[in-house]
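Here are my notes on the model, as promised. Have it open while you go through the points.

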Amino acid sequence: MVAYRIDRHNGVATYVQIVQQTKQALRLGLLRPGDRLPTAREVVEATAINPNTVLKAYRELEREGLVEARRGLGTFVRRSLGATPADDSPLRAGLGAWAAEARAAGLDREDVAALFAAVLDEVFPTPDGPSGHPDHPSNPSSPDNPSSPSNPSSKPALQGGDPS
């Protein structure tokens, strides 16, 4: 079962954090089809958030076809996401080594997340930029982007966020 961690200071809505963490658990294989999500009461007891927030997150996951509510039984995973390599894969080991190297170089968790998000945006570009909006600050084609190639004196902007 997944245990949600709510960060009240990151500016991301609480229900969105629950949706993101559930999707991450699905991608990593921590949740599989047929698994039951924690009840709203269990999440409320563990995180001290409003039960309606949990229900809103679960409705969003249900709308996306990832989970289904079964009256009187709970909310269950319908399908998984992605094909994330297993814990013992060479890709995961390489990423772990890279993260350890970044930590040894003095980067903190937020620095690593921002750097990784920037690299993801380069390797997996979206047509309208990482946020889906043409004027997103990390979209190189945006006229408002200070790190645009047309501004050679600037450093690339590092953007954090959920790659899902």
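1. Of the contacts in the protein chain with a separation of 6 or more, 48% are between residues 24 or more positions apart; contact here means heavy atoms within 4.5 Å. Keep in mind that this is a predicted model, where local features need pLDDT of at least 70, side-chain atom pairs count only at pLDDT 80 or more, and totals for chains, interfaces and linings use all residues. Residues are numbered from 1 along each chain as its sequence is written, and side-chain values use heavy atoms, with hydrogens and water left out.

2. The protein chain has 5 helices and 2 strands, in the order α-α-α-β-β-α-α from the N terminus. These are DSSP runs numbered from the N terminus: helices are H or I with at least four residues, strands E with at least two. Of the 164 residues, 27% are buried (under 20% relative accessible area; exposed is over 50%, partly exposed in between, with a 1.4 Å probe and protein chains only).

3. Now α1 (residues 14–27) and α3 (residues 51–63): their axes come within 8 Å and cross at roughly 45 degrees. Axes are lines fitted to C-alpha atoms, for helices over the stretch in contact, with angles from 0 to 180 degrees between N-to-C directions. The two helices are therefore oblique (under 35 degrees is roughly parallel, over 145 roughly antiparallel, 65 to 115 roughly perpendicular, the rest oblique). On the α1 side, the contact includes Ile18 and Val19, and on the α3 side Val54 and Leu61. By class, its residues are 7 nonpolar, 3 polar and 3 charged.

4. Compare that with α4 and α5, whose axes are 10 Å apart at an angle of about 130 degrees, so this pair is oblique as well. Leu95, Trp98 and Ala102 of α4 meet Val112, Leu115 and Phe116 of α5. This contact has 6 nonpolar residues, no polar and no charged ones.

5. What about aromatic pairs? The structure holds 1. The rings of Trp98 and Phe116 have centres 6.3 Å apart and planes at 50 degrees, so the pair is tilted. The cut-offs: centres within 6.5 Å, using the six-membered ring for Trp; planes under 30 degrees apart are stacked, over 60 edge-to-face, the rest tilted. Trp98 sits in α4 (residues 90–104) and Phe116 in α5 (residues 109–123), so the pair ties together parts 18 residues apart in sequence.

6. Last, accessibility of the two rings' residues. Trp98 is partly exposed at 30% relative accessible area, and Phe116 is partly exposed at 33%.

Conventions
Nonpolar A, V, L, I, M, F, W, Y, C, P; charged D, E, K, R; others polar.
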